[in-house]
Amino acid sequence: MEQKHGKIAEPIKWVVEDPERKEVWWPSPELKKRAWVSDESIYEQSGKDPIAFWAALAREGLHWFKEWDKTYEQDPPYFRWFIGGKINASYNAVDRHISTEKRYKAAIIWEPEPLDEPARVLTYYDLYREINKFANALKSLGVGKGDRVGIYLPMIPEVQIAMLACARIGAIHSVVFSAFSADSLRSRLMDAEAKVLITADGYYRRGKIINLKAEADEGIKGTTVEKVVVVKRAGLNVPMLEGRDLWWHELMKGAAAYCEPEPMDSEDTLFILYTSGTTGKPKGVVHTTGGYLTQAYWTTKWDFDIHDDDLFWCTADIGWITGHTYACYGPLLLGATMLMYEGAPDYPEPDRWWAIIEKYGVSIFYTAPTAIRMFVKYGEEWPRKHDLSSLRILGTVGEPIDREAWLWYFYNIGGGRCPIIDTWWQTETGGTLINSLPGIGPFIPTVAGRSFPGTRHVVLDENGRRVGVGETGSLVQLSPFAPGMLRGIYKDPERYKELYFSKYGDEIYYTHDGAKVWDETYNIRLGGREDDVMKVAGHRLATAEVETALTDHEAVAEAAVVPAPHEIKGEVPVAFVVLKKGWEPSEALEKEIVAKVVKAIGPTAKPQAVFFVHDLPKTRSGKIMRRILRSLMKGEPVGDTTTLMNPEVVEELKARVAGAASK
Ligand code: PRX
């Protein structure tokens, strides 16, 4: 079935409601017919021999300079994929496509934040040329195989060019989110011992120009960085240090047009990506080449059912793993067209995203629950202004999505026609691992789905026994481990072992996530990080579960629940609630909200207090920072707030909590 874009009388219904069950949807016959995968037997078949299954996928999806000698090997807690295979990520992302009809297909459509600036479209050939030249430019700076290169760039196409140019010559990239401060940049560059940093003069955010070079200059102090390459994006007059700083465009002028791709070992490191843990020191998650690319290719293709005529938009910033896999490697490996947007989702107005979807005819849209909740707060009048009928598939990632947000997304963005693919995964897993596939379903609010074919996840209790249907426990991955999984924490093997392979032994990967076995098919509902799980009078209670109940109330836009110490019950939940536009806090409303929670889960979940607040503390990636709320409730210092997107809310929260305590 051909997809229809633009204004059409009756957009295709990609999903149908389950007549037997409430709030369960299945792929429509059109979607089943079109989908790459629609036969459920894939789960059973891949499960019989996952190693052979992945070997076939690696062979079909990617070009290998030399095939591997052995597909999989395990030496707990370590494991390797496609041993002896030779491959290059950049060759697979561009060279392969330029000898096909994809040569002049758009690879990246880039929308700048300023409305009066034209979009940039890079074809696969454009991208190929730029990557080759920049690879040569890097070589001219003395960068070689195995060297680490820091990338501190905003959402401009130079970021994918830089990543793939590193991959082309076998250098290891380490992207640092451009909104991170100089201090965060410094600690990452130091740990990675980066030789070169690629940055920009500045970028647009909410109509203002952010001076990124100033942060970069500060961030490289005391590091091993020898050269800084600067992209001219904002036209800022930034100081350039003679002998150290070089303009991207000038380097590119002199660069030769072709650079031979380095044949990398399948297990050579492709990139390091730092992720924050609770300890403060960021850990460098190491991903290798062959396995990561295999998982990136097939999860992008199957999860989002990407075809040649689709336009895929993953809204994640490149500084996160989602940006790496679904705004760079995955779509480019497939030869798909992706959309990339530079700026803020609600600039100049809260309908910017919806305007972009309408303007370009985005057909697959992948975003995070936190963004959806923000739009819930703005109200449905904003998406209603736009024709979103080009959309076919919606995705979500990053945290458990509550029922309210799911349904809002489903009806107000997807028009009740599009499946929502709720993908569970982590920086550590490289690619998605648990979600329903578009052609198979089911699509159920708050339930992510099943393990991706060829992978196995189970839910264990404290003693390592598998829990039954309807029960909760810890989510783990069983071996053979997915090919895209991390291979270590950079320079810290002890931490790798301790974090992921100690709780249940060295042959079981511990995800740190709580989960519930939803049904006999082993669909899974995620319950949030285990460090956010409370014990209330001995009962295990996920904060996410209470939050879902809270946001089920029509007045609630967002909610965060954390444990507060309780002398008899050990811990009790307290709720921080942001109300929707048009609602005012009141005692009656508080009672109503609390009653809703008790009704949905039971009396143990009853929040001890409800704090109505204007905003919740969030990281720059938009995740609610419950650590701050937990500390507040415990009366402990809140600690470092510099990584917050909105540090100013902390004072309001402190006052609210103190006010309640003195009552
Ligand atoms: O708790 C899970 C949550 O995000 C964590 C991983 O965070 P990060 O490494 O930043 O990667 C996020 C993007 C892949 C997980 O341990 N998480 C991620 N996706 C989901 C989720 N929780 C529930 N549902 C999801 N779909």
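Of the 16 residues around the ligand, those that come nearest are Asp 422, Thr 423, Thr 427, Asp 513 and Arg 529. The structure described here is a predicted model.

| Residue | Atom of the residue | Atom of the ligand | Distance |
|---|---|---|---|
| Gly 398 | polar backbone atom | nitrogen | 3.1 Å |
| Glu 399 | polar backbone atom | nitrogen | 3.4 Å |
| Gln 426 | polar side-chain atom | oxygen | 2.9 Å |

**Helices H4 and H5**

Helix H4 spans residues 89-98 and helix H5 spans residues 124-140; their axes come within 9 Å and cross at roughly 130°. The crossing of H4 with H5 is left-handed. On the H4 side, the contact is formed by Ser 90, Ala 93, Val 94, Asp 95, His 97 and Ile 98, and on the H5 side by Tyr 124, Tyr 125, Leu 127, Tyr 128 and Ile 131. These residues comprise 8 nonpolar, 2 polar and 1 charged.

**Helices H17 and H18**

The axes of H17 (residues 543-551) and H18 (residues 587-600) come within 8 Å, with a crossing angle of roughly 125°. H17 and H18 are therefore also oblique to each other, and their crossing is right-handed. Val 546, Ala 549 and Leu 550 of H17 meet Ile 593, Lys 596, Val 597 and Ala 600 of H18. This contact contains 6 nonpolar residues, no polar residues and 1 charged residue.

Technical notes:
Residues numbered from 1 in each chain as written. Predicted model: local features only at pLDDT ≥ 70, side-chain atom pairs only at ≥ 80, totals over all residues. Heavy atoms only, no water. Axes fitted to C-alpha atoms, helices over the stretch in contact; angles between N-to-C directions. Helix = DSSP H or I, 4+ residues; strand = E, 2+ residues; numbered from the N terminus. Parallel < 35°, antiparallel > 145°, perpendicular 65-115°, else oblique. Left-handed = near helix turned anticlockwise from the far one by under 90°. Contact = heavy atoms within 4.5 Å. Nonpolar A, V, L, I, M, F, W, Y, C, P; charged D, E, K, R; others polar. Near = heavy atom within 4 Å. Polar contact = N/O pair within 3.5 Å; in protein donor to acceptor, adjacent residues only side chain to side chain.
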